[in-house]
Each structure stands twice: as structure tokens, then as C-alpha cells.
Amino acid sequence: MSDTIVLKKGLNLPVTGAAEPVVRKSIVSRTLAVEPTCLKGFSPRLLVKEGDAVLCGSPVLADKTRPEILMTSPVSGTVKAIVRGDKRKLLAVLIETAERQEAAEFHPGSTDAASVRNGLLESGLWLQLVQRPYGVIADPSATPKIIYLSTFGTGPLAADSAFCLGNELGAMQAGIDALEKIAPVHIGVCEASVFAGLRASGIHVFKGPHPAGNAGVQISHVCPIVKGDTVWTLSPEGLAAIGKFFLRGKLDLRRRIAVTGPAAIGPAYVEALPGTPMPEFRSFWGASSQGLRIISGDLLCGRNVGAEGCLGWRDNQVTIIREGTEREYFGWIRPLRWKQFSTDRAYFSWLTPWRRYDMDTNLHGGKRAFLMNDAYYAKMLPMDLYPLFLVKACLAGDIEKMEKFGIYEVLPEDLALCEFVDPSKNDLQEIIAGGIDLMLKEMA
Amino acid sequence: MHPIFEKGGKLGWLHSTADAFDTFLAVPGTVTGKGSHVRDAVDLKRIIILALIAVIPAALFGMWNVGYQHGLATGDPRINLLGNWWFGFLHVLPIYVVSYAVGLSIEFGTAQIREEEVNEGFLMTGFLIPLIVPVTTPLWMVGLATAFSVIFCKEIFGGTGMNIWNPALVARAFLFFSYPNQMSGSQCWIALGKGETMPDACTGATPLALDGPAQYGTGFWDLFLGTVPGSVGETSVIAILIGAFLLIWTGVGSWKIMAGSVAGALLVGFLGNIGGITAIPAWMQLLYGGFAFGTVFMATDPVTSCQTECGKWMYGLLIGMLCITVRLFNPGYAEGMMLAILFANTMAPLIDHCVVSVHISRRNKKLKTA
């Protein structure tokens, strides 16, 4: 094991509503959505029609350009509806779950890279692999430099992976062993982690505030991505699912989900499948979802799915927060503003580091041009980069500059904290995502 | 906001103005859209108001000093705290009114044309302009200079945050080059009442123009406290230090730029002193003229200074060295601070470019060997 890598920059967002480490319930939903929209780089083609029967592990969608990449059903049942949006864009396939669950049988081999690839592709678990740069679905014909996995989340109110996966170490080890056939697997662990005992090509210990748990930040310290490199990443839940698949020959995406947030009633864990509709989580927000924002993911980079949406395919967290639509009279000029959190010394929350805040979604100001300089943002990014220069290169659409300033190393989530602290209230993550889209278009 | 001011409403053409007053009164109920769902409570209004508070000690002292200098010049050297201040206040207030009225109306107008929200940037610029001009500057000149700087230094670049030069200093430079008679010499620094004249024996020149000990007020304490003639806000080093403390404490102003500027000034001042060019010891250079005010409030403007941490040091050093160099080698132009900062503003992107290029090539080398 290598030495601990200590990261100083960043911030653990002091927000109330962390999940109590108990599993409140195990959700078995009557319907489930297979939702391809949150998977970047996957353009879906339908393989089923309404009324078709599917098994757990049966293919539902395939990628248009690379038809070997499949999205499979996590439950058995019948296809209830196909949801389309503007211009008939495929939004989701709703599956009504059967009373008795049946799973498709697979016979995956994990002896060589080709059989591991085939197993992952036919089970739909390939979608757990994300390629960096750009954060798209991994290319089945490519071989990455390494496969990287961060075993801990540092995002706001992140699920405790030791609690979620502490008793799935065997499956995780099986997953690592299978993936090692494709490329060396490196994992990032926090100090005194239960995952430190896993055997992999590299185990790296990280210490520090968010975003120290982001795979992108860890990779930039372990094995920086330069032009031409690819690194695949996956979540610990994804790894456990891959391990279980190779051990038992069945697809099992069931995972523990942390239901968190300042507006969550009794925040705790539940067991659920990806694609579970949000109404199943209703007990955590009470009678009405009016004035609440339901997020699949965390406060910094989750998706606002609404009370009728569903849990994202790779997410392990649901966050519930109040919409901050109230006006605050003379807010910006009040000397104390005791209930608000700010990293800036213009306020006094730095004097009370132990406090947790009941945050809401208010923007706390109007959009402006960038006024503060790079250092203001860099203190939130523990990478060897100039974040504001990168953001401005993305705004200008200057590919050469984007390459120089490190577009290959970041995903929008890595700059989420820079966006949080920005007093000009710009959407940094969206700007970076725009830059990545431009790179994908121009470099393809 | 009242629907009459919404787009398409009867007074829709006043949308930005109404929005500015509305958001001044209350933080709007806008919620986050894409990206991060929660945001830091700080906004630019807060940051700019803090910078403004930091200048207030210098402004208050400046007003008092206007009254005090008037007393000295008219043969009444008594220190009358409130009376002096009131005299100065009455003379400085019209400059403030003109500076804000002209600047803000242009700012509101352009925001309206662009259909944007009104930017807070001018609150700071408008507060600084009266402090860096002689108290006797005719009001129409102040208005003209403010209009010039807001339009040609800020709005044509795209507004606050896009400008290359510090707008307050551009206003000062405009006055200096357009109306040199009113901006320098020995008459402009002292406000006189109607019918009052200065006694012949008295000169109102700033200590810098005299170069060395003169008939009054050039000892360490006079300069440190600020009881000398000069632009309204620039004289009192102690009031400026209070502001510097606040800026550094809150992180609004960069201590690296301030330290770099002081170091640069000391270096050149020291070389000039031991080289026999000037009799003034290096550390006294820090107290003269607009050096302290420029270092603390002008050079640290985050928009026009360097972006990178390393660049900030170089940028500060450049300002300090250039300012004292001008003082030592240009007898016709006693004060170099204004042009030193404007020059460094111009050079800031270049400094950043060099710093970032060096960083990138070093990083590439490291990645290749890794």
C-alpha cells in the first residue's frame, strides 16, 4: 500500500440531514423505469415493445452505434409503457414487476479479457464502466490504461460505503479479479477503510475534504490522464454487482440507497433498485412534495428528478431539500446572516466549523460576469489545474486551450464545489459539460 | 417586482432599473437551475460592499483633512475635529454626488440596453473616484472623467468583470492628461472658501512635489497620520492600513499583491537611496503620495489584477518598482502610482500567460516522465 495522499483543498459541505446508518425498508416497487437519459454516450434503441415479458437481465435497450452495449432490465415482469419526450426522444421504459422474480441465467467466464467483456456486455453491467476523459460509456473495443474505483464518497451527505457494502467484500473482490483481466485495477480508499484489505493492482489512501472522494481527483494524483489515455472508472456498487454476476451468473443491481437532505424526514438508508420511482420514497418527505426538490444523487451534482421521477442508474443517494423561493430582505447587507453558510470570510460561518446548516436551493444572488480571480476557485479543487482558465477556455470553445488546461482530467462533478462558491453565480458544471461535448464532437 | 416593470409591461423599458432596486432591497427568490443545487451565501453585492467599507476610514479622514488643510492655509491651525470634518464633507459631497449620478446613470442605461441586471461594480468605482482627485477639481470635470471611464474603460469591454484597466484610475488619468493645470501644482490640493486666498508664504504643494522636508507636515507622523495636502483619500496611511487589514482579513483584497508592491517599492527606494539619487530613505517612500492608497485599494482590484497566485507577486512587485522608479527619475511628474498600476493592469494578462505557460510545460514534463 502506498503512502496516504493528503489533499488540503476542498470543502465538506456542512449541511443537515445525514442518513442514520439503519436500513429503514426494502423497497419492492410495482413498476420500475429503465432510464437511459442519465447515461452519457448511450443513444438508446428499443429492443422490446409494450406487453413483452422480460426477465431480470433481459436486454431492453441497445446502443445505436455499438449494438453490443445493452441496457438490461433489473427485474422480471412485463413492459408496461414506453415513455417518449419531445421529438419522440426515448425517455424511459416502464416495467411492471412480476410477483415471482425470475432471473436470466448467464454463464460468464472470467478466465480471460474477452470472456469478461462478453459477460459484462450481455448482462448490461457494461454501463457501470465510465470512460475518462469525457465521462462517457466505456468503449468495448478499447483497453484502458487502468480501471479506477474510489471506494468512498465525500460529497454532501454521501452514503457511507462501508455501511452499504461492508458485507459485500467477497463480491467486490470477485469483481476486481474479473476486471483485472481487462486492465490493472486501482482503488482509492479513505483512512482505516474496510476496503483496504481488497487485493488490486494498486491501493491508494486519500485523506481530505470533498472532492477527495471523486475518482477524477484521485486519478489526477495517481495516474494523470493525458491526451490519448483512457481510464475507466466505476462505482463501488457497480463493482459489487459485477462481482455478484461473476460469482452467481445473475444480474443483481439491488443496493443500499442513502435518503438524505435537510428536508428529509428521518433520513436513513433503504434497499432499492436503480430506476425505482420516487413515489416509493414518499415517506421521507411526508404529505406533500410542494416546495421540495427531490434529487437523485447529491446536492452538488445530482439530478432534480421531481417527486414523480426515478432513481438514476448509477446513483446511491436521494437528497430532499427545500426550494429557496423566499426573498430575504437586505440579505446581502446583514452583518451576520447567521442561518446561511458561506466559505467566504465576508460572513462568519468560518468561526463555527461545527455547525450544520439547513440549506435551501436559493441562488443567493444574481448572475454576473466572473469577477473573482482563479485562486478563489482553485481553493476548492485539489488538482494541478487552473479552474477558471479551463472554464474560460470552455466558454471560448478553444480546444487547444482546453487541452492545455486539463479538460481530459475533469468531469463537471470535479468543479461542482467551484460552482458552489462562485459569487458570480455562474453554472460552471454546465460550462465544463459544454466543453466536454465540444471535445467529443471535434475529437471523434 | 411589480408586473408593470416586467418585459412587455408598460414600464418594461425600466426593467433593469427596477430589478436593481428590487434586488438591492431583498435577495431574490431565484433558485438554482442546472448544476449545484445549493450555493454559497456570498454574492458580488456582499464582496463589493465589504471593499467599500474598507475604504470608509480613508474617506472619513480625507474629509477631515480637507478641512484641516483649509485651516492651515488660511492661518487657523487649530484642530477642530467636527468642524474640519464638516468643512471637508461639504466640499467632497458634491464630488460624490456627481461621480455616482453620472456613473450610475450610464451603468443603468447600458444594463437596460443590454437587458441585463445592473452590476454592482460602480458602487466601488464611484466611491473611489472622489478620493483620488484633488478636492478643488471642478465638478464638470469629475462628471466628464467618470463618464469617460465608465463608457470607454468598462462598458465597451462588456461591463464589470470584463474591463482591462481599473475604471477609477482611468478617470484619474483622463483628468491628469486632459486638465493638467487643475490636477497638479501647488494650488489644487487645498479647498478654499469664497473670497479666501492663500497667504504668499504658504504653499499647498504635496510633500512629493517638494521632494524632501519642507515648511510643514512632512515628518513621519504627519505622513503616517495624513495631515498633509494631497488627493482626498490618499494622505492617511493609518486609515488606509485599517482598510488593508479589513481587505486581507476578508480575503477581498490579495495580500500577495500588497506585499509585492511594498517589496518592490522598498527595493527601488533602497537602491535609489544608496545610489545617491534621492535623500529619502526607502521606507519613507511608502508613506508619500498615493502609494499606500493605490497598493491597497487600486492594485488589488480582482478584475484587473493577475489571476494566478505567482502572478500576483510579480504584478505587485512591478507596481511598487515602477512607482518609485518614476518618482526618482522623472522630475516633471512627481507621482508614479497611477500610471504604474495602469501599466501593470495592461501587463497582468501577459504575466498570467507566462505563469500558466510555465506551469503547463512543467506539468507536461512531469506527466511524460511519470
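Which residue of β17(A) does A:Val259 stand opposite? I found that A:Val259 stands opposite A:Ala268.

Before going further I noted that this is a predicted model, in which local features need pLDDT of at least 70 and side-chain atom pairs count only at pLDDT 80 or more, while totals for chains, interfaces and linings use all residues. Residues are numbered from 1 along each chain as its sequence is written, and chains are lettered from A and ligands numbered from 1 in the order in which they are written.

Sheet entry. I looked up the strands around that pair, where helices (H or I, at least four residues) and strands (E, at least two) are DSSP runs numbered from the N terminus, and where two strands pair if DSSP finds at least two bridges between them. Strand β16 (residues 255-260) and strand β17 (residues 268-272) of chain A run antiparallel and are joined by five bridges. Both belong to an open sheet of six strands with mixed pairing, in the order β2-β17-β16-β20-β18-β19 (chain A). Its edge strands, each pairing on one side only, are β2 (20-26) and β19 (303-304) of chain A.

Contact entry. I then turned to where the chains meet, counting two residues as in contact if their C-beta atoms, placed from the backbone, lie within 7 Å. Chain A brings 60 residues to this contact and chain B 45 residues. Among the elements giving two or more residues on the side of chain A are β18 (292-296), β21 (328-329) and α10 (428-443), but α9(A) gives the most, with four residues. I also found that β21(A) pairs with strand β1 (residues 26-27) of chain B in the antiparallel sense over two bridges, with B:Ala26 as the bridge partner of A:Tyr329.

Chain entry. Chain A has ten helices and 21 strands. Its radius of gyration (taken over C-alpha atoms) is 22 Å, close to the 22 Å that the globule rule (2.2 Å times the number of residues to the power 0.38) gives for 444 residues, so chain A is as compact as a globular protein of that length. Chain B has 15 helices and one strand; its radius of gyration of 22 Å is close to the 21 Å given by the rule for 370 residues, so chain B too is as compact as a globular protein of that length. Along its principal axes, the C-alpha trace spans about 65 × 50 × 45 Å in chain A and about 70 × 65 × 35 Å in chain B.
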